[in-house]
Amino acid sequence: MELHALDLYIKSLIKEAGHLIRNSLATELVIEAKSNANDLVTNMDKEIEQFFISRIRRDFPGHRVFGEEGFGDVIENLDGTVWILDPIDGTMNFIHQKSNFAISLGIYENGIGKLGYIYDVVNDNLYHAVNGEGAYCNDERLLPLKETSLDKSIVGINATWVTPNRYIRHEDSIRLIQDVRGTRSYGSAALELAYLATGRIDAYLSMRLSPWDIAGGMVIAKEVGAIATNFKDEPANLLKQDSFIAANPSVHSKILTEYIHVK
Ligand code: 2AM
Ligand code: CA
Ligand code: CA
Ligand code: CA
């Protein structure tokens with residue numbers, strides 16, 4: 001299928017999935033813990049991933065799917081067309097707040113991000129991008145990121161930055177928090193990337209994210225000029241869990257060189 005036809009197909013598929021999620025908000029969720037007591041999954045995370053996969057298998061039998069809940073394919077490379085899907089990004093928010101979560105999807109062809117989607121289901125805001133053709137919110141084009149500086153930046157980080165951790169020196173975290181204008185913590189990596197793309201925040205950092213958290217958002221963020229890497233300034237990892245920073249180019253390298261000294 002040609003890229004623009006695929007884009008239309010996916011928008012309609014995502015809206016359909018959003019409808020299923022909205023309908024579930026009035027029902028009782030089945031909640032389970034995964035790697036630890038705060039790493040949650042619900043019946044809807046699984047149902048939505050299965051919904052996407054059944055459509056992809058039916059309509060695109062040659063494509064592969066890399067999804068968080070494991071109903072897709074085992075992915076060890078990005079050869080061919082790969083759908084990288086997080087059916088619900090921000091599951092804890094989905095459970096506790098019934099908002100601040102999103103569907104995240106990136107379409108990669110031989111490792112190149114062609115299409116990206118972040119659907120803020122409750123607010124009915126669909127962020128999307130087509131490689132080389134710009135990023136959009138509800139089909140309205142997002143403007144390129146404006147030049148800024150760290151002291152005028154809002155940075156998306158969460159409280160693990162100031163708790164003892166394996167990754168970042170405590171004094172570096174404190175200094176970063178002191179030097180920026182403000183910090184925010186939305187609890188959905190995908191939404192933080194959408195907010196980066198709209199200029200509501202200027203950087204988003206996480207010590208550990210998976211490919212499905214970032215795949216859709218990376219296509220969108222790139223179209224407005226943001227830079228996405230791991231903490232070693234290598235291209236963001238779309239095969240394995242890794243550290244992640246996406247930022248306005250005015251602050252990306254400054255944050256990495258002056259604040260992130262990974263232990
Ligand atoms: P999830 O809700 O799809 O699991 C929360 O700060 C953000 O980090 C969410 O985007 C969440 O995605 C992601 N995340 C990645 N790994 C996680 C983990 N092990 N436990 C909880 N959230 C995780
Ligand atoms: Ca999860
Ligand atoms: Ca996620
Ligand atoms: Ca998820």
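Reader: What covers the buried residues of α7?

Author: What covers them includes β12 (203–209) and β14 (242–247). Helices are DSSP runs of H or I with at least four residues, strands are runs of E with at least two, and both are numbered from the N terminus. This is a predicted model, in which local features need pLDDT of at least 70 and side-chain atom pairs count only at pLDDT 80 or more, while totals for chains, interfaces and linings use all residues. Residues are numbered from 1 along each chain as its sequence is written, with chains lettered from A and ligands numbered from 1 in the order in which they are written.

Reader: Which residues of α7 are buried?

Author: Within α7 (residues 249–258), these are Val-251, Ile-255 and Leu-256. They are on the same side of α7, because they cover an arc of only 130° around the axis (the arc of the directions from the helix axis to the C-beta atoms). A residue is buried if 20 or more other C-beta atoms, placed from the backbone, lie within 10 Å of its own, exposed if 12 or fewer, and partly exposed in between.

Reader: New topic: what is the strand order in the open sheet?

Author: The seven strands run β3-β4-β5-β6-β7-β8-β9, with mixed pairing. At the edges are β3 (64–67) and β9 (140–141), each pairing on one side only. Two strands pair if DSSP finds at least two bridges between them.

Reader: How many bridges join β6 and β7?

Author: Six bridges join β6 (residues 112–120) to β7 (residues 125–130), in the antiparallel sense. Leu-115, for example, has Val-130 in β7 as its bridge partner.

Reader: Where does α1 lie?

Author: Helix α1 (residues 3–24) lies across β5 (102–109), β6 and β7, at about 25° to β6. Helix α2 (residues 43–59) also packs on the sheet, where it touches β3 and β4 (81–89), and its direction makes about 155° with that of β4. Axes are lines fitted to C-alpha atoms, for helices over the stretch in contact, and angles run from 0 to 180 degrees between N-to-C directions.

Reader: How many residues of domain 1 and domain 2 are in contact?

Author: There are 33 residues of domain 1 in contact with 25 of domain 2 (C-beta atoms, placed from the backbone, within 7 Å). Domain 1 spans 3–141 and domain 2 spans 150–258, with bounds from an automatic or database domain assignment.

Reader: Which strand supplies the largest share of the side of domain 1 that touches domain 2?

Author: Strand β6 does, with six residues.

Definitions and conventions:
Contact = placed C-beta atoms within 7 Å.
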